Amino acid sequence: MSATETYNKLVPEPTPHSAPYWEGLNEHKLLLQRCRSCGRMRHYPQPMCPVCHSMEVEWIESSGRGAVHSWTVTHHPFHPGFRDDLPYTLATVDLAEGVRMNAQLRGTRLEDLRIGLPVRVAFETVKEGLTLPYLVPG
Ligand SMILES: [Zn+2]
């Protein structure tokens with residue numbers, strides 16, 4: 001879909017804790033949080049470290065490289081905005097930085113999917129001010 005079409009899917013509502021993540025996507029950067037206290041990487045964006053409970057955080061640009069951990073193929077549109085995308089593959093990937101993320105996986109055939117498949121993050125501007133990540137093999 002081009003950015004000029006009407007975007008009729010649910011859209012994220014950035015919070016003060018997640019705003020750097022969304023701003024990074026608009027610059028085609030996948031930003032991950034790293035705890036300034038214990039060094040633990042985390043994703044999705046959250047205000048507090050789940051390990052040491054520190055609220056001190058820094059943002060690290062991910063390599064965008066990872067490997068498929070799991071996936072599901074969606075055949076039913078749970079929101080009408082996704083009807084035209086069907087069927088689509090939602091993958092959970094282990095990023096090289098040691099965290100997991102979920103995104104649509106595109107550009108691969110079902111029969112080629114496997115655990116450990118190398119993937120990289122790509123970016124799609126879906127509407128003004130909103131860029132979303134997706135995954136492609138590679
Ligand atoms: Zn910590």
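Two strands pair here if DSSP finds at least two bridges between them, and helices (H or I, at least four residues) and strands (E, at least two) are DSSP runs numbered from the N terminus. The views come from a predicted model, where local features need pLDDT of at least 70 and side-chain atom pairs count only at pLDDT 80 or more, while totals for chains, interfaces and linings use all residues. Residues are numbered from 1 along each chain as its sequence is written, and side-chain values use heavy atoms, with hydrogens and water left out.

**View 1. Strand β4 and its two partners, β7 and β5.** β4 (residues 65-74) runs antiparallel to β7 (residues 118-127), and three bridges join them. Look for G66, whose bridge partner in β7 is V119. β4 also runs antiparallel to β5 (residues 88-95), this time with eight bridges. Here V68 has V93 of β5 as its bridge partner, and V73 stands opposite T89.

View 2. Six bridges join β5 to the antiparallel strand β6 (residues 100-105).

View 3. The SG atoms of C35, C38, C49 and C52 coordinate the zinc ion at 2.3 to 2.4 Å. Donors are N, O and S atoms within 2.8 Å of the metal (3.2 Å for Na, K and Ca); water is not among the atoms, so sites may look incomplete. Angles among the four donor atoms span 101 to 117°, making the site tetrahedral (for four donors, all angles between 85 and 135 degrees). For comparison, the ideal angle for four tetrahedral donors is 109.5 degrees. Along the sequence, the donor residues follow the spacing C-x2-C-x10-C-x2-C. C38 is in the loop between β1 (31-35) and β2, and C52 is in the loop between β2 and β3, so this pair ties together parts that are 14 residues apart in sequence. Both cysteines count as partly exposed, C38 at 38% relative accessibility and C52 at 31%.

**View 4. S54, in the loop between β2 and β3.** S54 sits in the loop between β2 (41-42) and β3 (57-61). S54 is buried, with a relative accessible area of 13% (buried is under 20%, exposed over 50%, partly exposed in between, with a 1.4 Å probe and protein chains only). Beyond its neighbours within four places in sequence, S54 is in contact (heavy atoms within 4.5 Å) with C35, S37, P47, M48 and C49.

View 5. A nonpolar core is a set of buried Ala, Val, Leu, Ile, Met, Phe, Trp, Tyr and Cys residues joined through side-chain atoms within 4.5 Å. The largest one has 23 residues, and L30, V93, L95 and L135 have the most contacts inside it. Two or more core residues come from each of α1 (19-26), β5, β6, β7 and β8 (130-137), and β7 gives the most, with four. Setting aside neighbours within four places in sequence, L95 is in contact with L30, L32, S62, R65, G66, M101 and V121.

How values were computed:
Tetrahedral: all angles 85-135°; square planar, octahedral: opposite > 155°, others 65-115°.
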